Amino acid sequence: MSDVLAVAEHRRGELRDVSFELVTAGADLAEAAGGDLHVAVVSGDVESYADSLDREGVDAIHTVAHGEEFNHDVYEQAVAALAEETGASYVLAPNSVNGLDYAPAVADRLDRPLVTDAVGLSYDDGLAVTRELYGGKTEGVIALDGEAAVVTVRPAEWPAAEGTGDATVTAADVAIDEDAVRTTVTGFQEVGAGEVDISEADVLVSVGRGIEEEENLDIVEDLAEVLDATLSASRPIVDNGWLPKDRQVGQSGKVVTPDVYIAIGISGAVQHVAGMKGSDTIVAINTDPNAPIFDIADYGIVDDLFEVVPALTEEFGG
């Protein structure tokens, strides 16, 4: 019987989607291990966050009110203390910038193994973690010895938890050593003009090497404009310098989960698919009917993008 502690993530006053995905992953693991799912909420509006996270499968929510934004030193202390207080065998954190910041420190403090970027979790007399290997071309399973570990979970691999739970919510009695808090957030610097966060977009129009020339990006930009969508790209477009790095979707770019993802001239290499397969609706436009992108697309158009894209722009722009 092993309990699980899932650590919620928030940014600038809002819970991130991965928090609810962690609840799903944690609830599944706790059920398989015969234990309870605990959720940790550290910093910010902890009461509001706790209310939102009270979903099906959550047994207890523990809040630590200390500051407003993420702080490595606070999270390291708070998460480690909650793991010990709850007796949780497994700590789940997002495989995000923040999660990868504090998870190794928590693992070190607890003297537990750390496994990052999990895309699957299973339990049979012990935890087994599935990770992608060789750039996503294959998967490997890491079977852990013992009954304790810290694991970071890749966003968009589990569905967001739904329903209403009846978890107990407790303000945790965690003493933060203020002398060990060496940094503080004093403000935020907005991204410069022309830069966007594609991970927050509701609709993405994404372009790949099928566009052939940089000058041809205009037709894709026109479609994005009439759809009020954000323009993104696969790695070859960024490598060519045609669009900036912050527009790249994929394993070496950003993971996105828009309502609609339109893939234009993108073959669907595993590295790219890893970054967008969690999209609600995927539309693919490609001349190759055997392109891998069609394996995950909800709607596919096998045709010349130079004819299809302007036609779509005219249809939606009219």
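**Exercise 1.** In this predicted model, state what covers the buried residues of α3.

*Solution.* The cover includes the strands β1 (4-7), β2 (10-11), β4 (37-42), β5 (60-64) and β6 (90-94), together with the helix α4. The buried residues of α3 are Asp73, Val74, Tyr75, Glu76, Gln77, Ala78, Val79, Ala80, Leu82, Ala83 and Thr86. Buried here means under 20% relative accessible area. With 11 of its 15 residues buried, α3 is therefore largely enclosed by the rest of the structure.

**Exercise 2.** Describe how α3 and α4 are oriented to each other, and list the residues of their contact.

*Solution.* Step 1: the axes of α3 (residues 72-86) and α4 (residues 97-110) come within 9 Å and cross at roughly 45°. Step 2: the two helices are therefore oblique to each other. Step 3: the crossing of α3 and α4 is right-handed. Step 4: α3 contributes His72, Tyr75, Glu76, Gln77, Val79, Ala80, Ala83 and Glu84 to the contact, and α4 contributes Asp101, Tyr102, Ala105, Val106, Arg109 and Leu110. Step 5: by class, these residues are 8 nonpolar, 2 polar and 4 charged.

**Exercise 3.** Classify the packing of α5 against α9 by angle, handedness and residue class.

*Solution.* Step 1: the axes of α5 (residues 217-226) and α9 (residues 305-317) cross at roughly 25° and come within 9 Å. Step 2: angles under 35 degrees count as roughly parallel, so α5 and α9 are roughly parallel to each other. Step 3: their crossing is left-handed. Step 4: Ile219, Val220, Asp222, Leu223 and Val226 of α5 meet Leu305, Phe306, Val309, Pro310, Leu312, Thr313, Phe316 and Gly317 of α9. Step 5: the residues of this contact divide into 10 nonpolar, 2 polar and 1 charged.

Note on methods
Residues numbered from 1 in each chain as written. Predicted model: local features only at pLDDT ≥ 70, side-chain atom pairs only at ≥ 80, totals over all residues. Heavy atoms only, no water. Axes fitted to C-alpha atoms, helices over the stretch in contact; angles between N-to-C directions. Helix = DSSP H or I, 4+ residues; strand = E, 2+ residues; numbered from the N terminus. Parallel < 35°, antiparallel > 145°, perpendicular 65-115°, else oblique. Left-handed = near helix turned anticlockwise from the far one by under 90°. Contact = heavy atoms within 4.5 Å. Nonpolar A, V, L, I, M, F, W, Y, C, P; charged D, E, K, R; others polar. Buried < 20%, exposed > 50% of the residue type's maximum accessible area, 1.4 Å probe, protein only.
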